[in-house]
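Biologist: I would like to learn how to read charged side chains in a model. Please take me through the charge pairs and the surface charge.

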Amino acid sequence: MSKILKTKKSKSSLLFYCAMCTLATPALAENASQPTNKLTDGSLTTAITAINDEAAEWIDDHHEDVQDRLRNLAHSMDKWFGEPDPQKPASANLRVVFDTRWSNNPTDGSHVTVKPRIRGHIKLPVLERRLSIVIGDKDLDEQDVLTKGSAYGAGHTPNQSKVLDGKQVREDNASIALRWSKLEDTFGFDTDVGIRSGNDLFLKFSVDKDLHQTDTWQISNHNYYRYGTDSEHTLKGEINTQYKLSATRYFNNNINLRYRHEDDREQTTWGNEVRHIHYFNNNKQLSYGLSSYGYLEDGRLSLNSYGPTVSYRQPFWRDWLFLQTEFSYFNDKKEDKSHFPSTLLRIEALF
């Protein structure tokens, strides 16, 4: 009798144990699928957001610090010449550009060039002649990738053997000039006196005029003559025509002619750049079109390079930080190069 009771008791215990295991299995499986000591999706997103906010705060603080330094510098320089007018304070701005260009041309093959660039302007209204100071790469004033073709202004990658040519970067950015804008009101032109590339003393006269303007048409020109002790004579004339298709779309045509005379060598080049430009919200821009470049020799125009260009620009992360891409497909008859692809990635910070 006792053996029978023990047997029944053992069977009951076994059944109870199996039932508990069956009930516990789903819970164990659920706990196993959610391991401990690991970030969940929500906490990971929170961590990334926190890191992004801290980085944004850090870069905004430094951006504001640079702007404050520029303003303080402008105000201090303005005080050198008299008592500043609170209604007309001194001002300063700075562009910092980082260009990376890749090309794959028939002569040099695949090639990457990197070019840091800066351009700054300090306006000092206290001076009777409204003196301002201009520093950095002068070509940035002329190069608007969206409306005037390649960022290098020649339709293809410049001849540069190094990825980063430090000497050329220093020479391009080592420019400072004094500009008298008052002369524009009196005589119709600006005057720059300064030094380029460390040893090229120069004098430059610039004329910008609006020739015709209506609700749909705008025609303007930009002309300048510059003489440098090393670079000698440079003369450029430019006519820009813009037709408004809608509130956010424009058709733009730019025609330019440039004359260079240096070391008894003369060269006259021309360019014609046609663009369809779209403006979107939040300072986004898209343009595409065709460009052609060539030479003027013995009174005759010759075509040397032509091809399409597509460019897109938008702010990213901060409203003062811009990312710009450009794709072009040009040839170069003078250097015996057939059409080849070239791309530009530009990061630009405005202060």
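Modeller: Start with Arg-117, which counts as buried at 2% relative accessibility. Buried means under 20% relative accessible area, exposed means over 50%, and partly exposed lies in between (1.4 Å probe, protein chains only). This is a predicted model, in which local features need pLDDT of at least 70, side-chain atom pairs count only at pLDDT 80 or more, and totals for chains, interfaces and linings use all residues. Residues are numbered from 1 along each chain as its sequence is written, and side-chain values use heavy atoms, with hydrogens and water left out.

Biologist: Which side chain does Arg-117 meet in a salt bridge?

Modeller: Side chains of opposite charge can pair when their charged atoms come close. A salt bridge is a side-chain nitrogen of Lys or Arg within 4 Å of a carboxyl oxygen of Asp or Glu. Here Arg-117 meets Asp-99, at 3.1 Å from N to O. Arg-117 lies in strand E2 (residues 109-123) and Asp-99 in strand E1 (residues 91-105), so the pair ties together parts that are 18 residues apart in sequence. Asp-99 is buried as well, with a relative accessible area of 0%. Strands (E, at least two residues) and helices (H or I, at least four) are DSSP runs, numbered from the N terminus.

Biologist: How many salt bridges does a search of the whole structure find?

Modeller: The search finds 12. One of them joins Arg-71 to Asp-68, with the closest N and O atoms 2.3 Å apart. These two residues are 3 apart in helix H2 (residues 41-79), which means a separation of about one helical turn. Arg-71 is partly exposed at 37% relative accessibility, and Asp-68 is partly exposed at 28%.

Biologist: Is Lys-337, the partner of Glu-335, buried or exposed?

Modeller: Lys-337 counts as buried, at 8% relative accessibility. Glu-335 is partly exposed, at 31%. Their closest N and O atoms are 3.0 Å apart. Elsewhere, salt bridges that share partners join Arg-95, Arg-313 and Glu-348 into one network.

Biologist: Which residues gather in a patch of negative charge on the surface?

Modeller: A patch is made of residues with over 30% relative accessible area and no salt bridge; like charges are joined within 9 Å. Asp and Glu count as negative, and the place of a charge is taken as CG of Asp or CD of Glu. The patch here holds Asp-53, Glu-54, Glu-57, Asp-61 and Glu-64. Among them, Glu-54 lies in helix H2 and is exposed, with a relative accessible area of 57%. Accessible areas come from the Shrake-Rupley method with a 1.4 Å probe; for residues, only the protein chains shown count as cover.

Methods. Patches are made of residues with over 30% relative accessible area and no salt bridge: like charges are joined within 9 Å, nonpolar side chains (Val, Leu, Ile, Met, Phe, Trp, Tyr) within 5 Å.
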